[in-house]
Amino acid sequence: MSYNPLKYPIKLLFRKEREFCCSIYDITGFCPKNSAYYHLALTTPSAFANQHKKRQVPEGITNERMEFLGDAILGNYVAIYVYDRYRNKDEGFLTDMRSRFVKRKSLGYLCNEIGLAKLINKSSLEHRFHNSYVTGNVVEAFICAVYLDLGMKKCRKFIEEKLIRPYFDKMANFDPDYKTIFMQQCQKYRLDAQFLTEQSGTEHEPVFNTTIVLDGHEIGKGMGFTKKESHQKACSQAIKYVKSHIE
């Protein structure tokens, strides 16, 4: 890797992990203060324990907690963006637009586009078998890392300038939010559908199977590596059922 002082702040070139820190700078536009946060964000739960012992981070910070907070922060700023951009649209439309950006497929795409995927702990990927699940979680954890390391002001700037504005239109053309569409069908036709979800697998590699039942009949089934993903797949089938049997 060539360190061009015209591209990187001089202080980065004297860091202990200068190549890694320069990669973070390329992605965020900011110099990281504590690289440990980013290492943890790039390490999935199955490989987390050993990494946590090696890195200097405060107690209580885990990969899953980083994903949780990163998801909330991203969802907040995407909601603000769609609210300001689509001033004449109703709540259903705004919800759909937000969902298209923050879902796993979209975040997996982002992870590759901004260069995060190449930094993911390789041993972590060996423990997973659904890459969009891995990469989507990494984006959420990485957003949290930026917040913990640099504060909300810079985190918001990173999200808006590096994620939302460059990629929103692309994300808007991804698959629709099937659960929102199905729930709108249920409201329209007064359908009392039940979601039955079972979890299998391990703590760090769960698998969810969802069945949608309407009047005793199974109208949609879906398997996913998050509950949300299994709901989306089941709703995709349920929408077709409603269109062919009720509409």
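**Figure 1. Overview of the predicted protein chain.** Accessible areas come from the Shrake-Rupley method with a 1.4 Å probe, and for residues only the protein chains shown count as cover. On this basis the protein chain exposes about 13500 Å², of which carbon and sulfur atoms supply 48%. The model is a predicted one, in which local features need pLDDT of at least 70 and side-chain atom pairs count only at pLDDT 80 or more, whereas totals for chains, interfaces and linings use all residues. Residues are numbered from 1 along each chain as its sequence is written, and side-chain values use heavy atoms, with hydrogens and water left out. Eleven helices and three strands make up the secondary structure of the protein chain, where helices (H or I, at least four residues) and strands (E, at least two) are DSSP runs numbered from the N terminus. From the N terminus on, the order of elements is α-α-α-α-α-α-α-α-α-α-β-β-β-α. Of the 247 residues, 49% count as buried, a class that means under 20% relative accessible area, with exposed over 50% and partly exposed in between (1.4 Å probe, protein chains only). Among contacts (heavy atoms within 4.5 Å) with a separation of 6 or more, 53% come from residues 24 or more positions apart.

**Figure 2. Surroundings of Phe-30.** Phe-30 is found in the loop between helix 1 (18-28) and helix 2 (35-41), and it counts as buried because its relative accessibility is 14%. Leaving aside residues up to four places away in sequence, Phe-30 touches Ile-24, Tyr-25, Leu-150, Lys-154, Lys-157 and Phe-158. Pro-9, which is 21 residues from Phe-30 in sequence, has its C-alpha 9.5 Å from that of Phe-30.

**Figure 3. A positive surface patch.** The patch is formed by Lys-11, Lys-33, Lys-153, Lys-154, Lys-157 and Lys-162. Patches are made of residues with over 30% relative accessible area and no salt bridge, like charges being joined within 9 Å and nonpolar side chains (Val, Leu, Ile, Met, Phe, Trp, Tyr) within 5 Å. Lys-153 has its place in helix 9 (residues 152-172) and counts as exposed, with a relative accessibility of 77%.

**Figure 4. Salt bridges.** The structure holds six salt bridges, each a side-chain nitrogen of Lys or Arg within 4 Å of a carboxyl oxygen of Asp or Glu. In one of them, the side chains of Glu-140 and Arg-104 meet at 3.0 Å, N to O. Glu-140 lies in helix 8 (residues 131-150) and Arg-104 in helix 6 (residues 104-113), so that the pair ties together parts 36 residues apart in sequence; Glu-140 itself is buried, at 3% relative accessibility. Glu-229 pairs with Lys-233, the closest N and O atoms being 3.6 Å apart, and because these two residues are four positions apart in helix 11 (residues 227-245), about one helical turn separates them. Glu-229 is buried at 15%, whereas Lys-233 is partly exposed at 38%. Arg-156, Glu-160 and Arg-165 are linked in a network of salt bridges, in which the closest N and O atoms of Arg-165 and Glu-160 are 4.0 Å apart. Arg-165 is exposed, with a relative accessible area of 55%, while Glu-160 counts as buried at 18%.

**Figure 5. Two loop residues with positive phi.** Most residues other than glycine have a negative phi. Arg-190, although not a glycine, has a positive phi of about 55°; it is found in the loop between helix 10 (178-189) and strand 1 (193-201) and is exposed, with a relative accessible area of 78%. Asp-215 has a positive phi near 55°, lies in the loop between strand 2 (206-214) and strand 3 (217-224), and is exposed at 68%.

Notes:
Lys, Arg positive; Asp, Glu negative; His and termini not counted. Charge placed at Lys NZ, Arg CZ, Asp CG, Glu CD.
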